[in-house]
Amino acid sequence: MKRILTVTGLYALLGIGVVLTLSPLAWMVSASFMPTGEATAVPPRLLPSRFTLDHYRDLVTRMNLVRHALSSTLLASATTAISLLLNSMAGYAFAKLRFPGRERLFGALLAALVIPAQVSMLPLFLMLKQLGLVNTYWGVIIPGMASVFGIFLVRQFALSIPESLLDAARIDGAGEFRIYWSLVLPFCRPVLVTLAVFTFLGTWNDFLWPLIVLADDDLYTLPVALANLLGEHVQDTELMMAGSVLTMLPVLGLFVALQRYYIAGIMGGALKE
Amino acid sequence: MTAAAERSSAPFRVSPGIAFVAPALCAIVTFFFLPVAGAVLLSFTDFDIYAVASWRNLRFIAFGNYSRLLRDPLFWIALENTLYFVAVGAPLSMGVSLGAALLVNARLVRFKGVFRTLFFLPVVTTLVAVAVVWRYVYHPRFGLLNQGLGLLGVGPIDWLGDPRWAMPSIILMAAWKNFGFNMIVFIAALQSVPESLYEAARLDGASFPQQFRHVTLPLLAPTFLFVSVITLIGYFQLFAEPYVMTQGGPANRTLSIVLLMYEQGFRWWNMGYAAAVAFVLFVIILCLTLVQTRLR
């Protein structure tokens, strides 16, 4: 009897938690399908009286949202690809290749984790301005090309590559790059997927840096475009909700598909500390 | 890299380790370390909109920006707001995380993975998009929150418009957005507690609260330390929520340090002054990290 009460209590609490967690998101989805004005009706409506795609159509045809979606996709993909290559090379080298000053260098990189990115942003902006990269996609990608966190994550994983495997390849006459490309990368696949998901989601969701670097409406990423849209269309609740849905749908989908890797990354990172 | 690999047979040899580290290292040094060093210099200059036009208008003013900072009421407001956000928001978020972790991880609960995923969803959402959504949730007349509270007989609150409620509103939204992350960390820690300890405690007649107090909490202590430092550091960087939801208002009550830096640096182009603001943030985060390494 007591057990049944406990179980009921637990599920009741979990149920309340789930409702509180999901209701803002559920309302967002529901409101995005409502005819104009219905989301701000009194008394409130939880579901649309009539299901409409007008706001999505508006966003695509009049607000150029496809362009911003492409911007976001391009930037997140490019940053992920470049940083994956650079971080995995460095992470592998810090784990398995001996060179003078290796430990000290790695220690210095880890120490840099203390410095918040915001400190670098003002001079970085001026630097990119000198290079003519402000208001370009490269300007957004550049600070994300390599990361200490990514190097750290790959290194921890690469430490478990058996030395014998690498030695055997060297005896067979494989070059170092060849070893990295056809032995190390496949071996590190799980951690690379984790890092890819982290980077893609992080870049997609990033706001401050693209807001600083991009000045042209045309180049805006989805979050920047959405914040900009809010300025003009703050009264169009349903339109803004449709915009929010489109902004977060791709990352939510990616997360649900690859959540095993994402959560493994957090657990791994946390336990190693 | 292929070039470096080929070179290994040439008379001039670069150690492959260095060749592999070089690209990432160059990127980090050029686009992070160098700008950070630049920020130190920048904070000692009066870099403003005239200097953006031509660097010849730049003057070295030593600690001028820092002394101006100390006299700037806006800076103190931003610092106070940020401390409020951190001091109330971080414990709240961590408390919710721990509660959710205990629930999801409870022995009697099934479908743990489903609950874990659902609670985690807000973490991966786009901050700007959820800030937009919450702006409407907080709407004094039409918002979901006031409509729900109305059913309970609580009068309408102007969440984002009332100076007293604006920061609590942002705190609540941030807790909703973030708690799933630390929940995962807590779940990982809870799962590493050996079940035999709980069995022993139960044999000794320990109730659930006693088990929690004497078995779970002590074993979670290292995780707590890690989680608090990570959370505090993240919370000090508050920016997008006030930018989207309140623009720092009403009456500057949600102006944060990073928002102040952004406004000064990229809206008014007072980059020297903004660099000094950024350094205050750095010093705070450095101190927190030092405290953590001391405690460990």
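These questions and answers cover a predicted model, its chain contacts and one of its helices.

Q: What makes the region at residues 4-11 of chain B one to treat with caution?
A: Its pLDDT stays under 50. The scale runs from 0 to 100. Where pLDDT is low, predicted coordinates should not be read in detail. The model has 12 contacts beyond four places in sequence for residues 4-11 of chain B.

Q: What are the mean pLDDT of chain B and the share of its residues that reach 70 or more?
A: The mean is 90, and 96% of the residues reach 70 or more. The model scores ipTM 0.91 and pTM 0.92.

Q: How many residues of chain A are in contact with chain B, and which helix gives the most?
A: 73 residues of chain A are in contact with 71 of chain B. A contact needs C-beta atoms within 7 Å. Helix α13 (residues 237-272) of chain A gives the most to that side, with 15 residues.

Q: How do the residues on the side of chain A that touches chain B divide?
A: There are 56 nonpolar, 13 polar and 4 charged residues.

Q: How do you know what span to expect of helix α5 (residues 117-130) of chain A?
A: The expected span is 1.5 Å times one less than the number of residues. α5(A) has 14 residues, and the expected value is 20 Å. The helix reaches 20 Å from its first C-alpha to its last, close to that expectation.

Q: Where is the kink in α5(A) centred?
A: On P123(A), with a bend of about 35°. P123(A) is also one of the buried residues of α5(A).

Terms used
Residues numbered from 1 in each chain as written. Chains lettered and ligands numbered in written order. Predicted model: local features only at pLDDT ≥ 70, side-chain atom pairs only at ≥ 80, totals over all residues. Contact = placed C-beta atoms within 7 Å. Helix = DSSP H or I, 4+ residues; strand = E, 2+ residues; numbered from the N terminus. Nonpolar A, V, L, I, M, F, W, Y, C, P; charged D, E, K, R; others polar. pLDDT = per-residue confidence, 0-100. Bend = angle between axes of the 7 residues up to and from the residue. Buried ≥ 20, exposed ≤ 12 C-beta atoms within 10 Å, placed from the backbone.
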